[in-house]
Amino acid sequence: MRVEIVEDPAFTETVVRIGCARLDQEVADLVARLRILDRTVVGVEDGTTYVVPASEVRFVESVDRRCFAYTADRVLESRLTLAEFEDRLGDVGFVRASRSCIVNLSHVAALRPDINGRLRAVLDTAEELQVSRSFVRPLKRALGME
């Protein structure tokens, strides 16, 4: 892969152009990583509303009909549902790990087998998330393991 950067004061915004012989998984992954830079997550912690880049969110969990976005140092409560998070972030590397959780694949450091065909996703913060049996195959596929 060759990377070219063109600096021109005439540009009013950053433009990323990708040239490829065909759109393969490597190119699709690259596009997803670029798109996540343009997404944000809004949530409340201790009465303060924060806007954080989606790339900082490790996972989103639904607990008692409330959604929480977890970063390395914050737990933000959001008004969005888990399905809405999945719709907004599914194309930038967030995948379903269970009925109550979606995970940002860029923060998955390891996968460990668990009982009954489940997996444990170990995040770069050393947190572990259980991946339900029905979501193991889609998660592995998203990581390029199948």
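How far is the sulfur of Cys67 from the closest cysteine sulfur, and in which residue does that sulfur lie? I looked this up before anything else. The model is predicted, and I read the distance from it as 9.8 Å, to the sulfur of Cys101. That is too far for a bond, because a disulfide needs the two sulfur atoms within 2.5 Å.

I then checked the surroundings of the cysteines. Cys67 is buried, at a relative accessible area of 3%. Cys20 is partly exposed, and its relative accessible area is 39%. For the structure I noted zero disulfides.

Next entry: the fold. I counted three helices and ten strands in the protein chain.

I took the extents of the C-alpha trace along its principal axes and got about 50 × 40 × 25 Å. Of the 146 residues in the protein chain, 29% are buried. For contacts between residues at least 6 apart in sequence, I noted that 37% join residues at least 24 apart.

Last entry: surface and charge. I have about 10100 Å² of accessible surface for the protein chain, with 47% of it belonging to carbon and sulfur atoms. I listed 21 positive and 24 negative side chains. The centres of these two sets lie 7 Å apart.

Definitions and conventions. Residues numbered from 1 in each chain as written. Predicted model: local features only at pLDDT ≥ 70, side-chain atom pairs only at ≥ 80, totals over all residues. Heavy atoms only, no water. Helix = DSSP H or I, 4+ residues; strand = E, 2+ residues; numbered from the N terminus. Buried < 20%, exposed > 50% of the residue type's maximum accessible area, 1.4 Å probe, protein only. Contact = heavy atoms within 4.5 Å. Areas by Shrake-Rupley, 256 points an atom, 1.4 Å probe, with all protein chains shown as cover. Lys, Arg positive; Asp, Glu negative; His and termini not counted. Charge placed at Lys NZ, Arg CZ, Asp CG, Glu CD.
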